[in-house]
Amino acid sequence: MEELIRKIKESHTITVLTGAGVSTESGIPDFRSANGVWQQNDKNQIHMTSGYFNSRPKLFWPHYKEIFDIEEISNCQPTTAHLFLKQLEDEGRDIRIFTQNIDGLHTKAGSSKVFEMHGSFNKATCPKCKTQYGLEHILKEPIPRCTQAKKKGQSICGFILKPDTVLFGERVRHYEDAVNSINQSSLFVVLGSSLEVRPVNQLPELAHQQSNIHTGIINNEPTRMDRFFKDILNGDIGGYLRS
Ligand code: NAD
């Protein structure tokens, strides 16, 4: 068994940072692999910015639904990695999962300490009256709108909803929670992320600066943050975690 896998199985307090690579086994493509979403259309990144949503919400929604294939995501099941982390929690370990994924699969697997740093695909909010909607409403119409009555008996609000995902140009969530969690952990491990997205990709350096924490990454390919990890495994996450 690889040293990092042994460390993951033996550590008590673990901060895990996951990326799209933990979910590819379930059929959800990542962004930056050779067949990832960014390779399919070079405008996809522009379509995922807050600027695009704010200026062209009617055009944004069809792109957003297509890029993330959100109807399909809702049918996907947790992978080896999601179930492995849930199993560690069941064994009494303190596992805090910080995920860049919006697919909700850590929660679906049953993990309880999940921090969705980039939000979630299955909620949307009215920018005007702040009413929240779930997936059923988001999928009902190509462009989901607020159906809340302005006042009893009056016309509906009708505003185009904003998805609960963090778009490029918006503030990431739970960053301070991640920093605090790293400070309290004996292991910081990254699973399936290219570590290209700021500010989340600053966390490995932060962990590296702590003397009392072990650090590791499992990813198919090297990342430009690899110098901050003590243990690096390049290959399929599911394969390593099943070993
Ligand atoms: P990314 O696409 O930039 O990187 C994913 C990394 O995972 C790649 O380096 C790839 O080589 C690796 N990988 C893929 N499958 C793997 C496997 N089975 N085993 C080991 N490694 C594997 O993704 P990221 O770093 O998470 O980028 C962050 C952005 O991507 C976030 O904004 C996130 O919202 C978004 N995203 C999320 C999902 C999802 O929710 N499932 C899917 C695609 C993109």
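**Ground rules.** Residues count from 1 along each chain as its sequence is written, and side-chain values use heavy atoms, with hydrogens and water left out. Because the model is predicted, local features need pLDDT of at least 70, side-chain atom pairs count only at pLDDT 80 or more, and totals for chains, interfaces and linings use all residues.

**Entry: helix α10.** I looked up α10, residues 175-184. Helices here are DSSP runs of H or I, at least four residues, and strands are runs of E, at least two, numbered from the N terminus. Which residues of α10 are buried? I found Tyr175, Ala178, Val179, Ser181 and Ile182. Buried means under 20% relative accessible area, exposed over 50%, partly exposed in between (1.4 Å probe, protein chains only). Seen down the axis, the buried residues of α10 fall within an arc of 165°, so they line one face. The arc is taken from the directions from the helix axis to the C-beta atoms. An α-helix has 3.6 residues a turn, so residues three or four places apart point the same way. On the other side of α10, I noted Glu176 and Gln184 as exposed. The buried residues pack against β1, β2, β7 and α11. Contact means heavy atoms within 4.5 Å.

**Entry: the open sheet.** Next I traced 3 strands in the order β5-β4-β6, with antiparallel pairing. Two strands pair if DSSP finds at least two bridges between them. The edge strands are β5 (132-134) and β6 (162-165), each pairing on one side only. The twist averages 40° from one strand to the next. Helix α5 (residues 57-68) packs on this sheet and touches β4 and β6. The direction of α5 makes about 35° with that of β6. Axes are lines fitted to C-alpha atoms, for helices over the stretch in contact, and angles run from 0 to 180 degrees between N-to-C directions.

**Entry: His214.** I placed His214 in strand β8 (residues 214-219). Is His214 buried or exposed? His214 has a relative accessible area of 16%, so it counts as buried. Its side chain makes a polar contact of 2.9 Å with that of Asp231. A polar contact is a pair of N or O atoms within 3.5 Å; within protein, one must be able to donate a hydrogen and the other to accept it, and residues adjacent in sequence count only if both atoms are side-chain atoms.

**Entry: Leu233.** Leu233 sits in strand β9 (residues 231-234). Leu233 is buried, at 8% relative accessibility. Its C-alpha atom is separated by 8.0 Å from that of Leu4, 229 residues apart along the chain.
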